[in-house]
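Please look through the structure below before reading on.

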Amino acid sequence: MQVQQGAKTEGVRVTVDVLSEGAESSPILFVVRQKQAVLSFQVPLILRGLYQRKYPYAHVGRTLCQPPTRSLTETQYFFVDVSTLSSLGTHYQLRISRVDSFTLHTDKKFSFTASPSQPQYFKYVFPDGVDTVIVKVNSEMTFPCSVMSIQDIQCPVYDLDNNVAFIGMYQTMTKTAAITVQRKDFPSNSFYVVVVVKTEDEACGGPLRFYPLRPDELIDAGNRSKTLDVVVSPAISSDVYVMGMLFCLGIFLSFYLLTFLVACVENKRMHRRREGLLNPADMSPAETASLLGKPGVTPVSPYEYGSFVDNASTLSSEAITDSIASDANYGYMGQETLKRRPFLTAIHHVAIRIERSLESVAGRSRQESLSSIEEDDYDTLADIDSDKNIVRTKKYLCVSDLARKDKRVLSKKYQIYFWNIATIGVFYALPVIQLVITYQTVVNVTGNQDICYYNFLCAHPLGNLSAFNNILSNLGYVMLGLLFLLIVLQRDVIHSRALDRNDLNALECGIPKHFGLFYAMGTALMMEGLLSACYHVCPNYTNFQFDTSFMYMIAGLCVLKLYQKRHPDINASAYTAYACLAAVIFFSVLGVVFGKGNMVFWIVFSVLHILATMLLSTQLYYMGRWRLDSGILRRIVYVIYTDCIRQCSGPMYIDRMVLLVMGNIVNWSLAAYGLLKTPNDFASYLLAIAICNLLLYFAFYIIMKLRSGERIQCMAMVCILFTAVVWGFALFFFFQGLSTWQKTPAESREHNRDCIVLSFFDDHDIWHFLSSIAMFGSFLVLLTMDDDLNNVQRDKIFVF
């Protein structure tokens with residue numbers, strides 16, 4: 001039989017049906033010989049599944065390979081040889097037909113039917129001006145499981161279940177599959193789209209048949225025909241790549257611009273205040289009162305506007321503010337006081353008392369520089385413990401009670417947080433980068449696109465990267481993390497200058513300012529962006545911890561920072577904190593590997609979760625003034641007897657008890673949920689525990705802050721409202737679920753969706769954008785929420 005190929009390429013299909021019974025024992029061998037290819041198959045066709053299951057197919061259909069032609073019109077011949085070893089006559093039917101729609105056209109859908117013994121493939125030629133296309137195959141039927149493959153134009157074509165993975169790119173599918181194909185990967189500017197129906201559904205998450213009783217037993221596969229449709233569409237152009245990158249950069253650079261504008265406005269406002277203090281005669285009484293502070297108005301921190309007389313004057317703004325604070329209850333002066341005492345008279349009285357105030361501060365500073373509260377202020381260690389027990393077990397604690405250690409010692413202690421997380425980040429990131437590069441190389445070399453769980457309907461390749469858009473969208477974490485570090489650095493420099501000039505407000509007022517944890521938080525946000533980008537190079541369950549490890553870090557550091565604000569002396573050390581976070585990540589890995597459906601693991605984890613909650617509750621309630629030793633049970637029984645049996649008395653620290661009771665309810669509930677439901681995504685479950693505890697503690701802190709008569713300044717309130725709104729939108733896009741490695745790759749692709757922004761970014765990219773902005777806003781909330789206390793003495797700030 002001859003086939004003529006000209007301007008219109010046509011395929012040729014060979015179909016064979018065996019009409020005789022018992023042909024399995026003596027199958028018929030068909031050999032199709034072409035000029036540059038040979039195709040052979042037997043009928044009945046025996047295809048093997050898992051555990052060497054054998055499935056016979058008496059109806060076989062194969063499309064002949066189309067070798068490349070040298071001329072515009074060429075006649076090619078092929079021969080069909082038929083042979084069998086059967087001693088009896090065998091009846092079969094051989095049919096040769098043309099495939100009229102063998103060549104696919106751009107944006108035109110074509111429907112067809114395939115089965116394990118009747119695979120289908122079609123040819124596509126890149127049109128001029130198109131360098132990248134997306135091949136989409138869809139079906140209304142979930143099962144039988146199928147495979148879609150992209151192969152170069154060469155013979156033979158691998159179109160059976162047992163060899164389709166030999167060359168090209170391929171992925172399993174249930175209802176949908178999509179592969180992005182680039183012209184540069186195919187020298188002939190064309191490729192085959194091959195669709196094969198598998199003999200079993202286990203690869204797509206379907207049920208697996210029973211193991212056969214006899215090894216050589218043939219199993220009837222039943223009807224495994226599947227109707228599918230294929231369409232080839234042009235992918236995005238290089239202009240869309242440029243627009244996507246500019247869009248991403250523009251969003252986050254706008255935050256740098258906004259921060260710069262806010263800094264300029266603040267600097268101009270502080271400059272006007274300095275001029276006002278230098279020239280009080282030019283100001284109205286109302287303006288003067290607003291500068292000095294009046295009821296309901298936030299007083300200006302002296303180290304915000306610096307010294308208003310540098311070298312020529314003996315007065316400094318911090319001394320003036322401190323004097324006013326002494327006269328008017330923690331930095332607030334009423335307008336009636338101003339009327340009774342003119343501004344110059346107030347300065348005169350301040351000048352008289354300046355030397356006495358500064359001498360006392362200088363003497364106290366010299367004493368603190370010579371000895372630490374932990375070392376030389378006591379004769380013995382027992383005295384130290386006794387003093388701690390007296391101070392920390394008071395019913396009503398103030399920040400001054402828990403801010404007694406040497407400031408330099410604490411500053412160095414909290415700087416270790418930053419240096420440790422920077423070191424951890426380097427040692428963690430380097431092997432991660434190496435591993436994901438290896439993953440991407442394996443995907444590119446083998447063509448197995450089931451390794452990585454992309455959103456294949458919106459995965460834009462660039463170079464060797466398969467989903468550049470998912471990597472680019474993580475840029476926000478890095479840029480906003482760096483911006484937060486710059487903001488913290490600016491505050492750190494201002495505070496250090498205030499300490500250098502013995503600013504009374506910096507030394508005696510406000511929440512003690514230790515910036516080490518803030519530096520660690522900014523670094524963790526940058527590392528989260530880097531590692532999330534690494535995870536999205538090839539997302540799958542084996543490297544999901546790359547995406548979550550620094551999320552645990554961020555949640556833990558935020559909790560520690562909230563606690564440190566009013567407990568600077570007793571906050572956990574960097575070594576203890578990171579050791580606990582390492583244990584969390586360790587359990588995360590165990591849960592991902594062994595937690596799915598393993599009840600023993602969930603029982604052990606739930607017990608450890610509850611025990612850790614109880615131990616932490618005890619530590620927080622008693623401010624660390626308890627011991628876990630052999631006498632702990634005796635002391636517990638004694639407390640129960642004296643406080644519950646002998647006399648029924650309420651808790652001494654009611655506020656702390658309320659927080660810890662709520663925390664235990666939440667954590668016990670989460671432990672019970674995990675034990676009963678055993679969720680497959682253990683890493684997200686563990687992250688939910690961390691976030692719930694962080695939100696609970698943050699809400700408690702805000703409520704207690706307002707309950708104590710403190711207030712939230714305008715900037716902090718704006719940050720809180722903005723962050724809450726952004727978090728809401730971010731979580732909406734997060735729960736869209738474009739892919740999930742909890743299922744098989746084929747089932748995961750059922751959740752894939754098209755791009756929604758600029759034809760470049762999908763829902764998960766928008767989650768990256770919004771979550772990075774929300775985390776940045778959350779950090780700003782922690783940084784600014786206690787600015788209203790900058791002029792309040794620490795012995796008037798309550799601990800909760």
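Predicted model: local features only at pLDDT ≥ 70, side-chain atom pairs only at ≥ 80, totals over all residues.

**Around Asp762**

The side chains of Asp762 and Asn455 are joined by a polar contact of 3.0 Å. Where in the chain is Asp762 found? Asp762 sits in the loop between α20, which covers residues 745-748, and α21, which covers residues 763-784.

Asp762 is buried yet has no salt bridge. A salt bridge would need a side-chain nitrogen of Lys or Arg within 4 Å of a carboxyl oxygen of Asp or Glu, and the nearest side chain of opposite charge, that of Arg753, is 9.8 Å away from Asp762. Which residues does Asp762 touch, not counting residues up to four places away in sequence? With that exclusion, the list is Asn455, Cys458, Asn469, Asn470, Leu738, Cys755 and Ile756.

Asp762 also has a place at the start of α21, where one of its side-chain oxygens reaches to within 3.1 Å of the backbone nitrogen of His764. The helix α21 itself has 22 residues, which at 1.5 Å a residue should span 32 Å; its end C-alpha atoms are 31 Å apart, which agrees. Because 20 of those 22 residues are buried, α21 is largely enclosed by the rest of the structure.

The loop between α20 and α21 also holds Ser759. Ser759 has a positive phi of about 55° although it is not a glycine. Is Ser759 buried, exposed or partly exposed? Its relative accessible area is 45%, so Ser759 counts as partly exposed.

Another helix to follow is α8, residues 407-446. At 1.5 Å a residue, its 40 residues should span 58 Å, and its end C-alpha atoms are 59 Å apart, which agrees. At the start of α8, a side-chain oxygen of Asp406 reaches to within 2.8 Å of the backbone nitrogen of Arg408. Just after α8 comes Gly447, with a positive phi of about 75°.

Next come the nonpolar residues of the interior. In soluble globular proteins, nonpolar side chains tend to be buried together. Here the largest nonpolar core has 111 residues, and those with the most contacts inside it are Tyr417, Leu557 and Tyr578. Leaving out residues up to four places away in sequence, Tyr578 touches Tyr417, Asn420, Ile421, Ile424, Ala520, Met553 and Leu557. Apart from this core lies another, of 25 residues, which includes Phe122, Leu228, Val230 and Val232.

Some loops between strands have backbone features to look for. The peptide bond from Phe143 to Pro144 is cis, with omega near 10°, and Pro144 lies in the loop between β13 (132-138) and β14 (146-152). A cis peptide bond also joins Cys155 and Pro156, with omega about 0°; Pro156 is in the loop between β14 and β15 (169-173). In the loop between β10 (92-99) and β11 (110-114) is Asp107, which has a positive phi of about 65° although it is not a glycine.

Finally, the protein as a whole. There are 21 helices and 18 strands. Of its 800 residues, 50% count as buried. Among contacts between residues at least 6 apart in sequence, 81% join residues at least 24 apart.

Terms used. Residues numbered from 1 in each chain as written. Heavy atoms only, no water. Core = buried A, V, L, I, M, F, W, Y, C linked by side-chain atoms within 4.5 Å. Buried < 20%, exposed > 50% of the residue type's maximum accessible area, 1.4 Å probe, protein only. Contact = heavy atoms within 4.5 Å. Helix = DSSP H or I, 4+ residues; strand = E, 2+ residues; numbered from the N terminus. Expected span 1.5 Å × (residues − 1). Polar contact = N/O pair within 3.5 Å; in protein donor to acceptor, adjacent residues only side chain to side chain. Lys, Arg positive; Asp, Glu negative; His and termini not counted.
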